Amino acid sequence: MQQKEMPRPSHTIPVERPPFRRLRAYAFDPSLSIELENAVINTVTMQVRWEFDPETQKDILQPGPVGEYLEVVDFDPASECFYAPVDLNQPYLLAQDGLAPSEGNPQFHQQMVYAVAMTTIRNFEHALGRLAFWAPHYSIESDGQGGQAAGKITETYVRRLRIYPHALREANAYYSPQKKALLLGYFPATSSDPRYHLPGGIVFTCLSHDVVAHETTHALLDGMHRRYEEASNPDVLAFHEAFADIVALFQHFSLPEVLRQQIAKARGDLASENLLAQLAQEFGQATGSHGALRDALGNYDENGVWQRSKPDPTQINQVFEPHARGSLLVAAIFDTFVSIYQSRIADLLRIATSGTGVLPVGALHPDLVNRLANEAAKSAQHILNMCIRALDYCPPVDLTFGDYLRALITADDDLVRDDDLGYRIAVVEAFRQRGIYPHDVRSLSIDSLRWQEPTDPDFHPRILPMVQKLREMIQEWDLSGKREQIYKVFWHARAELHDWLQSTAQEFQGLFGLGLSRPNAKFEVHSLRPARRVGPDGQLLVELVIEITQQKSGYFDPAIQDQVDNKGMSSPPPADFIFRGGCTLLVDPITEKVRYCITKNILSDGRLARQRSYTTGDTDNSLRAVYFGSVNQSGLKEPFAFLHRSLAGA
Amino acid sequence: MGTLNPPASGVTVRMYRQGLGDCFLLAFPTGQPGQAFYMLIDCGVIFGTQSAASKMQDVATDIEAATGGDIHLLVATHEHWDHLCGFLFAGDIFQRMHIHNLWLAWTEDPTDTLAQQLQAEFHANRAALRMALNLISDPDTAAPITNLLHFFGDPMAASDSGTGIANANLQNTGAALQAIRDFASKMNASPVYRHPGEGPLSLPQVNGLPGVSNARIYVLGPPHDETTLKDINPSTKGQEVYKQGAGASQDSTGGAGEALTASKAFFLAVLDEDQISSADKELHELSFPFDQHVRISSEEAKQNEFFRTYYGFDDPATPAGTGAEQSEKWKDEVWRRIDDDWLGAAGEFALQLDSYTNNTSLVLAFELVNTKKVLLFAADAQIGNWLSWDNLSWSLPDANGTPQTIRIGDLLARTVFYKVGHHGSVNATIRGYGSTPKGLELMTSPDLVAMIPVDRQMALKKRWNMPCEPVLQRLEDKTSQRVLRIDDNTPPRTQGGMSDVAWKALQANYEETKLYIQYTVTD
């Protein structure tokens with residue numbers, strides 16, 4: 001808060017800056033506030049990090065809110081008007097945890113998107129142990145004569161994600177990778193059931209906790225893996241959707257009042273229908289479907305009766321629409337959570353029931369509810385951290401669900417050596433039941449699923465100079481301080497590493513899944529970031545994640561492909577699609593060892609053929625695809641707008 | 001070129017090969033050799049087809065020659081360019097022919113209240129979409145919407161009919177329908193508006209022509225129900241069509257004078273203040289998400305430090321596009337602005353509008369009385385239209401005069417010829433829910449032959465998925481590979497994957513030229 005410096009009496013006792021700013025928000029969305037049963041829990045007070053500049057120690061939150069990570073700009077182009085930014089430092093607002101929830105006050109909307117998005121960011125940073133960054137902006141330099149000069153691409157740091165709470169007048173909300181912005185829509189409800197909705201009443205996606213968390217996660221994921229919006233196989237976009245849903249879902253468990261009420265209502269059984277496992281109730285109902293937009297546990301059947309969905313391992317080969325396919329992954333993760341939770345509360349239930357494990361009829365004892373809620377929150381936090389941490393163990397391009405399973409297992413194994421509660425087995429079991437396997441392992445044991453250290457005896461000697469180079473660079477890094485400075489440090493490190501690698505490129509041919517045999521082969525040091533983990537003796541270790549990628553032209557016609565790739569065709573035709581490859585390296589700078597080298601080989605003809613058949617295939621047969629093309633056609637400007645519009649879903 | 005002669009008993013179907021679009025000429029025998037009953041179902045080709053006018057002239061010329069200039073019954077299934085534009089492009093030829101009877105769907109009936117309500121809404125939405133299109137500056141966003149609007153002809157032509165624009169390049173489907181009505185009125189034939197459930201009907205009587213005794217007609221669609229007409233998408237379960245992914249959810253196109261709907265709210269935002277009818281003024285106010293007093297106009301915002309810093313505007317002193325540098329304050333992060341993004345929703349509404357029109361398709365089934373074989377002409381009917389047939393029943397006396405109830409299942413089981421809906425797209429040939437087969441799955445006759453008026457290359461050019469692969473595959477299974485397509489440029493047709501029996505049966509009744517593909521069903 002910016003106050004005028006007043007001369008202070010010498011005996012003033014300094015007041016410390018609070019760690020959090022308390023802000024009110026809807027726990028779910030406004031629709032639950034009109035149900036008596038849920039109204040009491042639907043207003044929550046969220047604790048949002050108090051933002052300040054680490055160098056000057058000054059508070060930085062401005063009206064908007066505009067802070068270090070976010071800028072909320074309330075422009076409503078359909079209505080051709082703007083809404084004044086909320087000033088959360090206003091004393092009256094500070095004194096009452098921000099504005100009270102209200103659909104009719106745009107400033108509350110601004111406050112809520114800020115609170116929810118900040119919470120999502122904090123969850124990410126907490127799990128990864130480092131600061132979060134948005135994807136940079138790329139611009140192609142113009143030659144000043146209307147043309148594009150030699151395609152020189154400039155990378156610009158994007159400090160803040162922009163949020164437009166009222167950007168669209170339609171049942172849609174999406175993250176725009178082009179604009180580094182969340183575009184959230186509003187629309188009149190077309191509910192078939194006016195009990196939930198005033199027909200024609202306005203529904204705001206920015207007031208849905210889930211929608212905001214989901215879209216913010218898209219942006220955070222894009223900041224780490226910007227190639228995950230390219231549909232090179234049916235899993236990539238599905239993963240983007242699934243991951244965004246997973247984060248939104250598990251965020252429900254960080255709201256204690258909600259958790260206790262739902263656990264009491266479900267009598268401890270989180271495998272029965274409950275609000276925690278559902279996403280975007282209001283959105284679902286207001287667009288005319290039966291319950292929530294998505295439910296990790298079950299669905300309403302044709303008679304409107306909720307049914308727990310049974311895992312069907314054949315679905316993975318039948319469902320290709322990204323949201324539907326993603327929901328298979330979400331279900332697998334949620335099943336993992338439920339089984340972990342159940343194993344953690346088994347003893348509590350025995351204690352509470354004198355060993356029978358059978359709960360008596362009637363309400364549960366509040367103490368038991370509290371203990372169960374505690375276990376649920378812990379299990380949820382563990383799973384959420386596990387899911388986020390796994391992102392550091394994923395290949396930079398062409399991710400599959402199977403790769404993600406391997407990343408999950410490896411990441412967790414690296415962090416928690418001793419799996420005495422069987423979490424990892426629970427994960428594998430849940431994935432197996434949904435038919436999700438990696439295709440490159442011999443068995444589904446934890447050992448074979450784990451990424452392996454490179455076994456080639458040549459590998460370490462050849463890579464040693466690079467690791468030493470990195471180690472040299474690290475010593476100059478200052479990891480505290482402002483995000484922009486850290487970004488610049490890493491940007492320079494990437495450039496330096498790139499130049500150095502280029503000078504010795506042939507050394508690495510065949511090691512990284514890259515084609516480096518030709519002189520001046522182009523490649524990109526896609527990402528460089530530190531990852532923290534706990535060593536076997538409990539000490540905190542910093543590792544480096546290095547991603548190197550490459551691209552080449554893909555052709556629908558294998559004959560042309562062969563001409564270009566192997567026969568040195570002199571002037572190749574324009575590419576039909578872009579084929580990417582590369583690797584993620586996890587390097588321990590202390591031992592100078594590459595712990596994992598996760599590759600997607602650019603030289604793999606099999607993978608190229610798979611991408612070709614997926615890109616030209618007919619997997620999306622929605623009505624929309626008849627006229628608007630389908631998601632597997634790459635090169636869409638706004639992939640999430642397309643994806644989300646096609647489902648009228650967030 | 002010569003007269004099209006039907007078999008002694010049965011019917012001959014000629015599918016013209018003008019491109020992506022429907023034009024079917026049917027010839028029924030009257031019992032009097034040399035005197036056939038000619039029925040024309042639609043005559044059009046997709047907007048943007050090369051030399052469309054001359055192609056349609058060729059088709060019309062052939063129709064005139066084949067029929068001797070008498071069309072005893074003209075059926076216009078629905079108001080889409082690829083079904084009607086021939087009546088404009090070859091207007092001179094149709095003008096000199098004799099149209100003895102005209103059948104249209106009830107949705108074109110000026111005395112039907114629901115039809116008029118839907119028409120009014122439809123024209124308002126079309127006009128608003130055209131406005132939205134004008135506002136979109138990004139060609140990639142505009143292209144698919146333009147393509148959809150082309151189903152109604154030139155999007156820049158006025159949307160109401162009979163504006164009398166002489167230039168065929170600036171005409172639309174409204175003008176085409178008017179032309180058809182004019183052709184018919186020349187013979188004093190006033191349009192008959194058909195309703196679902198009508199039938200079995202005899203083919204209409206024509207002066208001087210013996211009646212047709214071996215065929216009768218069942219009217220299947222369009223349903224006389226707003227909700228069903230607006231049911232255009234596969235349900236979320238997505239089981240009723242031939243597809244692999246889950247389907248899209250739906251949003252109704254909106255009811256006039258009722259609560260605010262999503263499309264209405266969008267369209268009201270597109271229109272200028274003075275274009276909003278007084279009836280809509282109230283809804284217009286409701287379509288704003290917040291009360292008047294919290295709205296800050298763009299003009300005010302331009303003076304506001306916060307919005308200048310974090311949104312930025314085109315500097316009025318140096319208008320964008322002039323090449324002059326914008327002053328620092330105004331030009332900040334232009335790439336993050338969202339002035340046009342909301343208009344992307346127009347695509348969704350254009351899709352709804354287009355599919356709604358497809359759902360108004362007049363769907364007819366012809367039954368040959370001796371063998372009870374059925375020919376199904378589904379026009380471009382979508383899900384809602386197909387599903388509504390379940391509610392229909394017809395009564396027909398059997399040999400003993402006892403009335404028998406006929407339902408859609410009976411007709412489909414006896415279907416030996418299927419004019420595939422909507423050029424073979426995913427949502428216009430249904431399969432049914434889970435264990436309840438519907439649509440194509442009920443067509444069990446071993447004699448089934450299908451015709452798809454589709455041009456894959458043209459569809460690709462428009463980036464449309466027609467015909468859809470799973471639909472095509474199932475059709476090939478069901479017909480023993482006897483799927484006849486406009487774009488099958490392989491005469492003489494070869495046996496391919498067909499069994500000997502199927503191949504023989506096809507060969508005996510089949511004729512193909514550059515201009516048409518023809519198939520005869522004998523009775």
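This is a predicted model: local features need pLDDT of at least 70, side-chain atom pairs count only at pLDDT 80 or more; totals for chains, interfaces and linings use all residues.
In chain B, B:Gly439 belongs to the loop that runs between strand S18, residues 436-437, and strand S19, residues 449-452. If we set aside the neighbours within four places in sequence, the residues in contact with B:Gly439 are B:Trp386, B:Thr429, B:Ile430, B:Arg431 and B:Gly432. B:Thr513, on the other hand, is 74 residues from B:Gly439 in sequence, and their C-alpha atoms are 31 Å apart in space.

Now I would like to turn to chain A, which is divided into domain 1 (17-224), domain 2 (233-452) and domain 3 (455-608). The centres of domain 1 and domain 2 of chain A, taken over C-alpha atoms, are separated by 26 Å.

Next comes a pair of helices, and two packed helices are described by the angle between their axes and the distance between the axes. In chain A, helix H10 (residues 401-415) and helix H11 (residues 423-433) have axes that come within 10 Å and cross at roughly 175 degrees. H10(A) and H11(A) are therefore roughly antiparallel to each other. On the side of H10(A), the contact is made by A:Leu405, A:Leu408, A:Ile409, A:Asp412 and A:Asp413, while H11(A) brings A:Tyr423, A:Arg424, A:Val427 and A:Phe431. Sorted by kind, the residues of this contact are six nonpolar, three charged and no polar.

Definitions and conventions:
Residues are numbered from 1 along each chain as its sequence is written. Chains are lettered from A and ligands numbered from 1 in the order in which they are written. Domain bounds come from an automatic or database domain assignment. Helices (H or I, at least four residues) and strands (E, at least two) are DSSP runs, numbered from the N terminus. Two residues are in contact if their C-beta atoms, placed from the backbone, lie within 7 Å. Axes are lines fitted to C-alpha atoms, for helices over the stretch in contact, and angles run from 0 to 180 degrees between N-to-C directions. Angles under 35 degrees count as roughly parallel, over 145 as roughly antiparallel, 65 to 115 as roughly perpendicular and the rest as oblique. Ala, Val, Leu, Ile, Met, Phe, Trp, Tyr, Cys and Pro count as nonpolar, Asp, Glu, Lys and Arg as charged, and the others, Gly among them, as polar.
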